[in-house]
Amino acid sequence: MAFTDNCDIFASFHEDAFNAVIGHVRRQRPSLFNYASLGVIANPGLLCRQIDAHPVVAQRNNPLMTRIDPLQIPGTNFAMELAVQFTEAKIDFHPGKGIALPPELGKLAPQRFAMALGVCLGLGCPRDFPVDRLIDPPKDKPDRDDKGRDPVPPRPLPVRSLMCFCLEVFAVGGVRIRFYNGKPYLEPFLDRIEIVDIRPDELEAILECYLEMMLKLGLIPKLRILLERAPLEIIKNVVSVVVKPTPISAAVPNNPAIEDDQLKAFINLEVI
């Protein structure tokens, strides 16, 4: 059976091609993989891992990192510089022979992909700085009610280096077509992530939750691909063609489909 028996256009992408693309994107769009507070952005030498960026990033004055808030110390107006870096990324489509998943994630399910990530976390802990000098002296009179005043941003603590540790993270997810404002987008999604060998278990769960929220709310929305483009005009004001994803049916049970180490997409052309 031909690939286009049930659609007008068939496209497939092998996992090796995806891994090559991820490597190129990491070098040309490093801000998708590196997140840091302002003090670290101003001094990239503080990072746990130096960023291997393509020269075009500097030529176009593109950012190396995405800015995030420093980690505020509860009960104070101080914060600690913070950095989160995704240093490695590899994807493996079903049946999943390229990545050995940890036992907690089990065997890779059909229509799913596995991903192995290297993640480094850095925190600016000023242990060699007398932080007590930064504490305001006692006030003779208590502050009045500050209702209505603008909140004061936290003061980042001075730091000469970051305390760093790196993790090996595994993720399992899939790819789907979801409609936003009536337009179809191809987008990845996550089922679960697992960090290897962190103790106690409660600390591992907290870190997994934080990284999962960072991926779901920060990185994944930036990876959506709009499938429906403007009509292609063949004969001016007479004939045009619109690209649309092939609907799910018995003949096309999954669209997109993750199988045979590939991501497959089925597309129809509508002539107007």
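1. The model is a predicted one. Of its 272 residues, 36% count as buried.

2. The chain holds 15 strands and 4 helices. Along the principal axes, the C-alpha atoms fill a box of roughly 80 × 50 × 40 Å.

3. Among contacts in the chain with a separation of 6 or more, 70% come from residues 24 or more positions apart.

4. Side chains with charge number 31 positive and 34 negative. The centres of the two sets lie 6 Å apart.

5. A search of the whole structure finds 2 disulfides. A disulfide is a covalent bond between the sulfur atoms of two cysteines. With the bonded cysteines numbered in sequence order, the pairing is 1-3, 2-4.

6. Cysteine 48 lies in the loop between helix H2 and helix H3 and cysteine 164 in strand E9, so the pair ties together parts 116 residues apart in sequence.

7. A disulfide also joins cysteine 120 to cysteine 166, with 2.0 Å from S to S. This link is right-handed, at 95 degrees. Cysteine 120 is in strand E7 and cysteine 166 in strand E9, 46 residues apart. Cysteine 120 counts as buried at 1% relative accessibility, whereas cysteine 166 counts as partly exposed at 39%.

Methods:
Residues numbered from 1 in each chain as written. Heavy atoms only, no water. Helix = DSSP H or I, 4+ residues; strand = E, 2+ residues; numbered from the N terminus. Buried < 20%, exposed > 50% of the residue type's maximum accessible area, 1.4 Å probe, protein only. Contact = heavy atoms within 4.5 Å. Lys, Arg positive; Asp, Glu negative; His and termini not counted. Charge placed at Lys NZ, Arg CZ, Asp CG, Glu CD. Disulfide = S-S within 2.5 Å.
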